[in-house]
Amino acid sequence: MREVPIRVNTENSRRMLEEARKFAPAGVQGDGRWYDPYPLFISKAHGSRIWDVDSNEYIDYHASYGPAVLGYNHPQIKDAIKETLDNEGVLFAAPHPKEVELTKLFAELVPCAEKTVLCGGGGSDPMYHAVRVARAYTGKTKVLKFEGGYHGWHDYLLASVRPDPQKAGPADAPHTVGGSSGALQGTVDQILVAPFNDESAVERIVEREKDNLAAIVIEPVCHSAGCLIVKTEFLQFLRDICDQYRIVLIFDEVITGFRHHIGGAQAILGITPDLGVFGKAMANGYAISALAGKNDIMSLFAPEGPVFMSGTYMGHLLGVTAALKTLEILKDGAVHRRLWDMGNRMSGELNAVIDELELDAYCVNFGSIWCLYFTRHVENHRDIIEMSAQHKGYPKDVAYRNTLLNNGIYIQPYYTSRGFISAAHSDQEIDKTIDITRDFLTAHKDDLR
Ligand SMILES: Cc1ncc(COP(=O)(O)O)c(C=O)c1O
């Protein structure tokens, strides 16, 4: 693959990283912020645009890894936050009326939500609580997740996210590969791993482990691997097998929730999990996440039940305010209809170019999240491994992203080329992205066949 050098002047980012390295690991706040040769330092974001510290302006498809479903710094949310600051404050760490409003709204909108707890941080927190309460509910300890799925930083589910192919084992019976040094091996040993969309592999594991298996955890559309579509029949099969063996079915809707539909992906797909976890798009960028679920499981949480649950920032007033306003804006479905139209247009037009040029690539979208895979078939994580995309430095993706960057378009360098469209994107911005991508695919067609 011919290299595409970055031609944008990003000297200030490079210099800033040198300084930052002295004060933070690798100079960034967490693994997801790093990419080669150095990450851009972003100075501001508004609507569909971001600016870096060299004053370059980009059309943005990173959306802060998903939250900015309405676009950055949405004026109505900003006003709601200002009003809350002026009239109420920031945090009481005591019950308040707005949290009742929000949990009631969850019960109205989200199929699985009979009761909801509002966590004060990212999606990892409620994922952790979901596993713990599933263990308490079933009296069992193991958890089944899918290879390639990411569910947060904690040891309960941090395994086989992007496993080293040398350690990953057979495709239809993957090994559990721990994701962090320092994790307790005994905890990692409680995680079982299966391939997406493979009923017989899951059936074998469940038959063997049904007396130990507390939960099956899945992203109903696997955006942590780009845009990997989980078949509806497969989700229905998981629902049935969980019912049969008293296993808790947990949907990780941290990315899908409220981005594709006001009731979460579960409302589109017609399959209701026992527990659903929400974050990101829920408050358009403010820090809040939620665990929602069936009453008999949720009632096990303290102080109603024996499963400990507490946190200074639970129900944080600014997060709750932003979530209420975001859901109010999304509720009538008009924003989601437009997001789906834009996502479908992006993938439809890119696939037409790909077909015309007979390339070994395809673009897949679910609503506003689109991913350009440089291969023809992606059904599970091994298909991604096969196209050698498991490393952030994959040359076709790098060449594509550098081309976008050189033309004023930003996709966070990630192991697949995934983009988030927001309600702030204009049709002209989508057109520009399609045009630049068409030119890239045409210019590199010989390398992409
Ligand atoms: C599908 C999914 N689940 C859980 C998480 C963890 O969320 P957070 O990083 O907000 O803790 C993420 C984060 O990217 C995610 O993509």
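The dialogue below walks through several features of a predicted model, one at a time.

Biologist: Which strands pair with S14, and in what sense do they run?

Modeller: S13 and S14 pair in the antiparallel sense over 5 bridges, with Val 364 standing opposite Cys 371. These two strands form a hairpin with 2 residues between them, and Gly 367 in the turn has a positive phi of about 60 degrees. S16 also runs antiparallel to S14, and 4 bridges join them; here the bridge partner of Leu 372 is Ser 417.

Biologist: How should I read a helix, and which residues of H13 are buried?

Modeller: An α-helix has 3.6 residues a turn, so residues three or four places apart point the same way. Helix H13 (residues 395-406) has 12 residues and reaches 16 Å from its first C-alpha to its last, close to the 16 Å expected. Its buried residues are Lys 396, Asp 397, Ala 399, Tyr 400, Arg 401, Thr 403, Leu 404 and Leu 405, and they pack against strand S14 (369-373), strand S15 (409-410), strand S16 (417-420) and helix H14 (427-443). After H13 comes Gly 408, with a positive phi near 80 degrees.

Biologist: Which residues have the most contacts inside the largest nonpolar core?

Modeller: That core has 118 residues, and those with the most contacts inside it are Val 143, Ala 215, Ile 216, Val 248 and Ile 250. The core draws at least three residues from each of domain 1 and domain 2. Not counting residues up to four places away in sequence, Ala 215 touches Val 131, Ala 134, Val 143, Ile 247, Val 248 and Ile 250.

Biologist: Where in the backbone are there cis peptide bonds, or positive phi values in residues other than glycine?

Modeller: Most residues other than glycine have a negative phi, and most peptide bonds are trans. A cis bond joins Asp 36 and Pro 37, with omega about -10 degrees, and Pro 37 is in the loop between H1 and strand S1 (42-46). The bond from Ala 302 to Pro 303 is also cis, with omega near 5 degrees. As for phi, Ser 55 has a positive value near 65 degrees, and Tyr 65 has one of about 65 degrees.

Biologist: Why does Ser 55 count as exposed, and why does Tyr 65 count as partly exposed?

Modeller: Ser 55 is exposed because 9 other C-beta atoms lie within 10 Å, and the cut-off for exposed is 12 or fewer. Tyr 65 has 18 C-beta neighbours inside 10 Å, and therefore counts as partly exposed.

Note on methods: Residues are numbered from 1 along each chain as its sequence is written. This is a predicted model: local features need pLDDT of at least 70, side-chain atom pairs count only at pLDDT 80 or more; totals for chains, interfaces and linings use all residues. The expected span of a helix is 1.5 Å times one less than its number of residues. A residue is buried if 20 or more other C-beta atoms lie within 10 Å of its own, exposed if 12 or fewer, and partly exposed in between; C-beta atoms are placed from the backbone. Two residues are in contact if their C-beta atoms, placed from the backbone, lie within 7 Å. Two strands pair if DSSP finds at least two bridges between them. A nonpolar core is a set of buried Ala, Val, Leu, Ile, Met, Phe, Trp, Tyr and Cys residues joined through C-beta atoms within 7 Å. Domain bounds come from an automatic or database domain assignment.
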